[in-house]
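Thanks for coming. I will go through one structure today, starting with its sheet and ending with its aromatic rings. Please have a look at it first.

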Amino acid sequence: VLGGFDSSNYVTERKWATAADGTQIPISVAYRKDLVKLDGSDPLLLYGYGSYEACIDPSFKASRLSLLDRGFVYAITHIRGGGEMGRQWYENGKLHKKKNTFTDFIACAEYLIEKKYCSKEKLCIHGRSAGGLLIGAVLNMRPDLFTAAVAGVPFVDVLTTMLDPTIPLTTSEWEEWGDPRKEEYYFYMKSYSPVDNIAARKYPAILVTAGLNDPRVMYSEPAKFVAKLRDMKTDGNVLLFKCELGAGHFSKSGR
């Protein structure tokens, strides 16, 4: 890493938040020890994914240094729906247990506030794709808990997409979310699908991104989410929508 990087300036920690059902949820935390005061005044960026049994292993990423060197705390939530704690961790965050993913994330945010890593006024959240579903869901559940949110190519119109088997990936995704053509799944998915739970309330500042050529999350989903938010939210906070016209799900190479 260029620019006089010294790893001894930084601290990494593993913390545990207690979920609503008593489950201990791991959190990976990193910050610069000479800048962060841990008195509740520091800004914090909280990342989450929690789907498809994906393990979000804490790893070194040079781009995060820009945040850490400006006094940010960076944290990763290892919430249920991922695979970090074994197969059961995944099983307890999918289908009829999907809401555990969202409540786990909220529990992690509340823990970090309680332990004075940040405050509500300095807490920013980030997720993309299925992690964007996470962001959309928790914004509806606890809009008061965050000051800013970034939802990248977010899967936010869950019910409509999963009801249409002509959309790419829909039928294979029923194993993860359930088949809403069955009543038991329909109403459970509707209870957390971000687009379907937007209400006339105050929301944090939000950035939503999309890719015009995205075959995994069609650009219409985040566009619909932003349009409904603009129509219904009661705050004056900034709401930005950026659609990359030459990109797919990841970058300008497509896919």
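Let me start with β1 and strand β2 (residues 24–32), which pair in the antiparallel sense over nine bridges. Two strands count as paired if DSSP finds at least two bridges between them. The strands and helices themselves are DSSP runs numbered from the N terminus, with at least two residues (E) for a strand and at least four (H or I) for a helix. Within this pairing, E13 has V29 in β2 as its bridge partner.

Before going further: this is a predicted model, where local features need pLDDT of at least 70 and side-chain atom pairs count only at pLDDT 80 or more, while totals for chains, interfaces and linings use all residues. Residues are numbered from 1 along each chain as its sequence is written, and side-chain values use heavy atoms, with hydrogens and water left out.

Now the whole sheet. Its eight strands form an open sheet with mixed pairing, in the order β1-β2-β4-β3-β5-β6-β7-β8. At the edges stand β1 (10–18) and β8 (239–244); each has a single partner strand, so one side of each has no neighbour in the sheet. On average, neighbouring strands are turned by 15 degrees against each other, direction ignored. Helix α8 (residues 220–232) lies across β7 (205–211) and β8, and runs at about 160 degrees to β8. Axes here are lines fitted to C-alpha atoms, for helices over the stretch in contact, and angles run from 0 to 180 degrees between N-to-C directions.

Buried means under 20% relative accessible area, exposed over 50%, and partly exposed in between (1.4 Å probe, protein chains only).

Last, the aromatic pairs: how many does the structure hold? There are nine. Rings of Phe, Tyr and Trp (its six-membered ring) pair if their centres lie within 6.5 Å; planes under 30 degrees apart are stacked, over 60 edge-to-face, and the rest tilted. Y52 and W177 are edge-to-face, because their planes stand at 85 degrees, with centres 5.8 Å apart. W177 is buried at 0% relative accessibility, whereas Y52, at 34%, is partly exposed. F155 and W177 form a tilted pair, 5.3 Å centre to centre with 55 degrees between the planes.

Definitions and conventions. Contact means heavy atoms within 4.5 Å.
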